[in-house]
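The exercises below are meant to be worked through with the sequence and the coordinates side by side. Try each task before reading its solution.

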Amino acid sequence: MGHSKAEKAETHKRIVTIASKRFREDGLAGVGISELMKEAGLTVGGFYKHFDSRDDLVTEAVGSAFGGWKRRVEAAASVGPAVSYEKLIDEYLNKAHRDNPGAGCAFSALAEEIARSDKRTRALASEQVRNDLQLIAGLLPGKDKRAARSKAILTFSALVGAMSLARAVSDEALSLEILKTVAAVLKNSTSKNQTTTLERTKTW
């Protein structure tokens, strides 16, 4: 790759990274192209050297925000300890994640707007939901795949919903209560399932 192509690719990546962060912070409609390009140190005219339309940027920016859990699990696997179901919940439902949407989950920050996005962005979101559900199910104990799938859907929905509510309310105590309560209920339900499985094994 020549110098100009490498430089263009790096600039493209920088724009997407900035947009991904700002969209999660301010919403897909909350920040304009001119503002994003200024933050990237570029002119508005330069935008169309990298993207055919704003929708193209949205698709790339949202897509780049996906896959955080997978990267976290893979990184932990290489250095240990492995990520557990409980650890995943604790890392999601906490004050740091709540206060830093620009570095967090795209679904809790943008779910409603993604639902109104174009087909490409929604297709990416659909694929990511499937991947996240599979990842969560893989962290659950037991061999019942159907039960694990149902639990994964419940968990994912509870995580995204709890974080969205925790950010929406203005009462700090209530916000933290939502995060802590949902985390405790999710982890407790898994502990109960493990106990039930062990009891059945002993009975058999």
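**Exercise 1.** Is Ser20 buried or exposed? Work out its surroundings in this predicted model.

*Solution.* Next, take the accessibility, for which the cut-off for a buried residue is under 20% relative accessible area. Ser20 has a relative accessible area of 4%, and therefore it is buried. Then look for partners of its side chain: a polar contact of 2.8 Å links it to the side chain of Arg24, and another, of 3.3 Å, links it to the side chain of Ser64. Finally, set aside the neighbours within four places in sequence, and the residues in contact with Ser20 are Ala61, Ser64 and Ala65.

**Exercise 2.** Determine which helix holds Asp56, and decide whether this residue is buried or exposed.

*Solution.* The helix in question is α3, made up of residues 54–65. As for accessibility, the value for Asp56 is 17%, so the residue counts as buried under the 20% cut-off. Once residues up to four places away in sequence are left out, Asp56 touches Phe51 and Arg120.

**Exercise 3.** Describe the secondary structure and the overall dimensions of the chain.

*Solution.* Count the elements to start with: the chain contains 10 helices and 0 strands, so that reading along the sequence gives α-α-α-α-α-α-α-α-α-α. The C-alpha trace spans about 70 × 45 × 35 Å along its principal axes. Of the 204 residues, 37% are buried, and the accessible surface comes to about 12,100 Å², with 55% of it belonging to carbon and sulfur atoms. Among contacts with a separation of 6 or more, 66% are between residues 24 or more positions apart. For the charges, the mean positions of the 32 positive and 25 negative ones are 5 Å apart.

**Exercise 4.** Where in the chain does pLDDT stay under 50, and how should such a part be read?

*Solution.* Then locate the exception, residues 195–204, over which pLDDT stays under 50 and for which the model has 0 contacts beyond four places in sequence. Where pLDDT is low, the predicted coordinates should not be read in detail.

Notes:
Residues numbered from 1 in each chain as written. Predicted model: local features only at pLDDT ≥ 70, side-chain atom pairs only at ≥ 80, totals over all residues. Heavy atoms only, no water. pLDDT = per-residue confidence, 0-100. Contact = heavy atoms within 4.5 Å. Buried < 20%, exposed > 50% of the residue type's maximum accessible area, 1.4 Å probe, protein only. Polar contact = N/O pair within 3.5 Å; in protein donor to acceptor, adjacent residues only side chain to side chain. Helix = DSSP H or I, 4+ residues; strand = E, 2+ residues; numbered from the N terminus. Areas by Shrake-Rupley, 256 points an atom, 1.4 Å probe, with all protein chains shown as cover. Lys, Arg positive; Asp, Glu negative; His and termini not counted. Charge placed at Lys NZ, Arg CZ, Asp CG, Glu CD.
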